[in-house]
Amino acid sequence: MARSPPVTEIGNGVVGVSTFEQAEVRKELAMTIRERPLSPHLELYVIQKPQFTMALSMTHRITGVLLFFGLIIIAWWLLAVVAGPEAYTTAQEVLGSWFGRLVLLGWSFCLYYHLCNGVRHLIWDTSRGMETAQIERSGIVMLVVSLSLTLLTWILAYASRGGPA
Amino acid sequence: MNLRTPLSTVRGLGTAHNGVHHWWLLRLSAIALIPLSVWLMVSLICVSTADHATAVAWLASPTGALFAVLFIIAATFHGQMGLQEVVVDYVHNKSCKLGALILIKLSAFALATLCILAIVRMSLGA
């Protein structure tokens with residue numbers, strides 16, 4: 001669509017009409033322009049048609065924010081290691097409790113999701129895989145890979161200690 | 001009519017006077033975090049149930065300390081930039097936005113310093 005000139009410029013160059021008429025023309029044009037559809041708004045997606053790719057994109061941001069808070073857990077654990085065996089044992093008990101493991105499970109999924117989807121973003125940055133079908137396919141692949149990596153991590157973590165304790 | 005100077009037209013940066021710097025740094029730290037995250041997860045699987053001495057030995061080893069510091073730098077850097085992006089997109093109140101950005105940037109600095117000091121202490125055997 002051709003870009004219209006700014007509203008303030010329209011009508012100024014019209015010859016043979018009064019200033020009042022020019023103002024009226026401008027007002028009308030302003031109304032028309034305002035009623036034009038804008039770029040796709042978030043509400044359009046949420047209310048009318050929830051999309052798979054949109055959900056993936058939102059999850060990327062949410063996992064990113066959560067991972068920042070995960071850094072606080074990492075800092076706390078590092079401080080516990082420095083503080084000595086007693087503090088370390090406490091930290092390991094907290095993280096090893098059912099709630100701690102739940103948090104770590106969520107954290108590991110967030111990391112793998114953000115990592116895999118981040119790679120997807122880096123591929124897009126090279127302008128590859130931008131067709132709708134490709135984006136949907138890579139989304140499914142990314143989801144499967146990040147879930148598999150999470151599962152694999154926990155299987156290996158339990159295997160390395162010889163079963164749940 | 002174009003009132004821009006030829007130089008400004010060539011730069012094409014608009015009123016922000018800033019182009020792809022934020023985007024570039026976010027991508028740069030993201031690339032660094034790919035191998036570093038893999039290292040972190042592999043290491044965490046190995047030390048997840050380790051005793052204190054093993055955990056200290058892991059972080060005090062030259063490779064462990066190096067990768068841990070690199071991960072912390074890249075992760076806090078990437079994290080504060082990513083959170084900044086989320087805040088400027090969704091927080092529209094000016095003072096809330098400014099407050100959130102200050103909090104994010106300073107806490108990222110604090111977290112990075114805290115973690116690096118801890119790793120350095122262990123690797124120097126303090």
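# Close-up views of a predicted two-chain model

**View 1. The largest nonpolar core of this predicted model draws on chains A and B.** The core holds 36 residues. Leu78(A), Val81(A), Leu59(B), Cys115(B) and Ile119(B) touch the most other members. In chain A, helix 3, helix 4 and helix 5 each supply at least two residues of this core. In soluble globular proteins, nonpolar side chains tend to be buried together.

**View 2. Ile119(B) touches residues of both chains.** Its partner in chain A is Leu78(A). In chain B, Ile119(B) touches Leu59(B), Ala65(B), Ala68(B) and Val69(B). Residues up to four places away in sequence are not counted here.

**View 3. Chain A meets chain B.** The contact takes 26 residues from chain A and 27 residues from chain B. On the chain A side, helix 3 (52–83), helix 4 (85–96), helix 5 (98–125) and helix 6 (132–161) each supply at least two residues. Helix 3 of chain A gives the largest share of that side, 13 residues. By class, the side of chain A that touches chain B has 19 nonpolar, four polar and three charged residues.

**View 4. Helix 4 of chain B packs against helix 5 of chain B.** The angle is about 175°, and the axes are 10 Å apart. Angles over 145 degrees count as roughly antiparallel, so the two helices are roughly antiparallel to each other. Helix 4 of chain B contributes residues including Ala65(B), Ala68(B), Val69(B), Ile72(B) and Ile73(B). Among those from helix 5 of chain B are Leu111(B), Ala112(B), Cys115(B), Ile116(B) and Ile119(B). The residues of this contact divide into 17 nonpolar, five polar and two charged.

**View 5. Helix 3 of chain B crosses helix 4 of chain B.** Their axes come within 5 Å and cross at roughly 75°. The range 65 to 115 degrees counts as roughly perpendicular, so these helices are roughly perpendicular to each other. Trp58(B), Leu59(B) and Ala60(B) of helix 3 of chain B make the contact with Gly64(B), Ala65(B) and Ala68(B) of helix 4 of chain B. Five of the contact residues are nonpolar, one is polar and none is charged.

View 6. Chain A averages a pLDDT of 84. In this chain, 75% of the residues score at least 70.

Terms used
Residues numbered from 1 in each chain as written. Chains lettered and ligands numbered in written order. Predicted model: local features only at pLDDT ≥ 70, side-chain atom pairs only at ≥ 80, totals over all residues. Contact = placed C-beta atoms within 7 Å. Helix = DSSP H or I, 4+ residues; strand = E, 2+ residues; numbered from the N terminus. Nonpolar A, V, L, I, M, F, W, Y, C, P; charged D, E, K, R; others polar. Core = buried A, V, L, I, M, F, W, Y, C linked by C-beta atoms within 7 Å. Buried ≥ 20, exposed ≤ 12 C-beta atoms within 10 Å, placed from the backbone. pLDDT = per-residue confidence, 0-100. Axes fitted to C-alpha atoms, helices over the stretch in contact; angles between N-to-C directions. Parallel < 35°, antiparallel > 145°, perpendicular 65-115°, else oblique.
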